[in-house]
Amino acid sequence: MPADSFSSSSSSSSSSSSPSLTAATSSVDDSSSTSTAASSSDWKHDVFLSFRGEDTRNNFTSHLCNALKQKGIDYFKDDEELKPGEEISSSLVTEIQRSRSSIIVLSENYASSKWCLEELVEILVCKRAKNQRVVPIFYNVDPSHVRNQTGKFGEAMTKYCEEKKIKKEKMQKWKEALTQVANLSGFPSLKKSEAQLIEEIILDVSKNLNSVPSKDTQFLVGVDSCIKELELLLCLESIDVRMVGIWGMGGIGKTTLAKAIYERISHKFEGSCFLVDLGLDLARKGEDYLKQQLLSKVLKVNNIDVTTTSLKTKLHSKKVLIVIDNVNNRSILKTLVDDSSWFGPQSRIIITTRDKQLLTMYGVNVVYEVHKLQDDKAIEVFNRYAFRNGPPPMDVMNLIPHVIAHAQGLPLALEVLGSSLCKKSKDEWMCALDKLKRIPNMEIQKVLQISFDELDDDEKNVFLDIAFVFVEYGKDFVVELLDSFGFSATIGIRTLIDKSLISIIDGELHMHDLLIEMGKEIVHRTCPKEPGQRSRLWMQEDIYHVLEKHTGTEDVEIMALDLSGSKKIRFTTTAFSKMTKLRVLLISGKSNPLEMQCEVHISDDFKLHCDELRFLLWENYHLKSLPYDFESKNHLCLWMKNRHLTKLWNENKVFDNLKYIDLTNSRFLKGGQSRAVDSEWLYTAE
């Protein structure tokens, strides 16, 4: 998922979080390191275990390893310490460097192993070089003996001093390392049962691992405030089982946010799992496979027979955290979280989806909506990918706002476009931006189109009509018009809202620009070579081709032509003669005809035979009346905003379905003809 920033709308309630254990900082001379410390993105293990085998291999360390495994914490345990010699291998150094934290089991014979002491030195080098967390376990030893090298630790140091072959510099490093590790916050085992000690260690390690961002979430912009809001919605201290939905359009950052909250709070639960893209698994492997995946991840046990064991049997007494990401099928929720009684008290279920209706169906009433980014956050995300957090080159500074405007606050688009423009020249930037005006980025479109593909044919037509024509139109007007086309507009629009494909703001329909581009590209792909065989036309050059070459067919249902910037166009009867299923004809341009550059030619005998036409908008129509035989028994809306009309038609006509007329600026229009229609509203020149 992309680097991200979030804003949201949601309900809220109280919550609390536990403070994390903070260890004191210390340093050690790093000259003994044999290789450069790895970056956090190169982490291989959650924990590196350093211990004295003869003391704890078959008891405490074995039990600790089992507990780490049960909790799903990846660890590296060195079983090679009995090898002769005092130099640890370069491969072992690498394992230390690629671990997020180290646990050092300081037992009474730990210092008697040169191998252990070398491990300790290297671990503290990594602590300094890459801020690796170090957790000392004082297993049946007094921390002061480690700090001051007394008792068994003093005996070991005395013995090394007597060995002539050990250099004083190495001895000094060992002593400093023991002193430093003893000064760190750790866990003493005295006056504590082994089970209690291990439980405390696991809780602390889990909490720390989940407070450190993963590679996927470490670069989020503004995520902390979003996590706090989600924690409020989750009500972590409440005893009930609670489900929370994360909802938003594709590419908005739902998965990334879910991962961030999962990493932050999963240590608070007895078991947890993050389940991704289960739709394909459900289709290919069935419901039992989904149950096995959930149980195996939560319980850390493989090969569970779910035909004889229910989820409730295994989980009803456990406090669990379950995240189900990218849900697109109600069967997934029915299979895994159909009944809250399946899970123990204080369990939490988080569901991410593009479809709000899926959440509603399963009683998920607490929904966190992820919104697009504001421009300042969008620029921060884009710069991270385009310039790797460095300063933008001066020659492309003025092009950045164009990219931000194109992405419209969608994190996926900011990541994809930023990465594609990284280290590109100004000419390449300009070429890429010009291409985006004509061809959408396929990586972005592939993600966005998932929601479109889930629609039925009726809903797809509603989406495409809105994308091509009705953005920023009033909802009620659009519903009436779409209904007249034979679509189920009310439920169709509700579905598009639930799937985050459109929104309603102040009673008007709105759609993200990238979704509009996606819709246009979907139509373009139906017949890339011949625009006259597409259902909807909007590009100037395509419409000019259709009108000049007379290639229009009955496939054309919508034509939306903007004359701005055009020089000349001719409308003829022949050009429209085969477009018998035209439902919408929009011809617009600059509001002031004196400013129009386009020379429009309409023959006096121009005819428009389109019985399916419902909506005609023609700004600055150049004739004094509509075509003399203009008729449409289905016509619903007529907008003719211009200064040329003197009459609508040459004889009395009755339009039974014509409901909306806008004749703004038609100041020469003669009165009387409005009686021919039963109009809901009529605008004429004042």
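Trainee: Which residues does Phe 382 touch, leaving out those up to four places away in sequence?

Mentor: Contact means heavy atoms within 4.5 Å. Here Phe 382 touches Phe 387, Ile 400, Val 403, Ile 404, Leu 414, Leu 417, Gly 418, Leu 421 and Trp 429. Before we go on: this is a predicted model, where local features need pLDDT of at least 70 and side-chain atom pairs count only at pLDDT 80 or more, while totals for chains, interfaces and linings use all residues. Residues are numbered from 1 along each chain as its sequence is written, and side-chain values use heavy atoms, with hydrogens and water left out.

Trainee: How many residues are in the largest nonpolar core?

Mentor: A nonpolar core is a set of buried Ala, Val, Leu, Ile, Met, Phe, Trp, Tyr and Cys residues joined through side-chain atoms within 4.5 Å; buried means under 20% relative accessible area, with a 1.4 Å probe and protein chains only. The largest one here has 94 residues, and Phe 382, Phe 463 and Phe 615 have the most contacts inside it. Helix 21 (residues 457–470) gives this core its largest share, eight residues. A second, separate core has 36 residues, including Leu 582 and Cys 610.

Trainee: And helix 12, which of its residues are buried?

Mentor: A helix is a DSSP run of H or I, at least four residues, numbered from the N terminus. In helix 12 (residues 287–299), the buried ones are Leu 290, Leu 294, Leu 295, Ser 296, Val 298 and Leu 299. Their cover includes helix 2 (60–70) and helix 14 (330–337).

Trainee: What comes just after helix 12?

Mentor: Lys 300, with a positive phi of about 60°.

Definitions and conventions. Helices (H or I, at least four residues) and strands (E, at least two) are DSSP runs, numbered from the N terminus. The expected span of a helix is 1.5 Å times one less than its number of residues. Buried means under 20% relative accessible area, exposed over 50%, partly exposed in between (1.4 Å probe, protein chains only).
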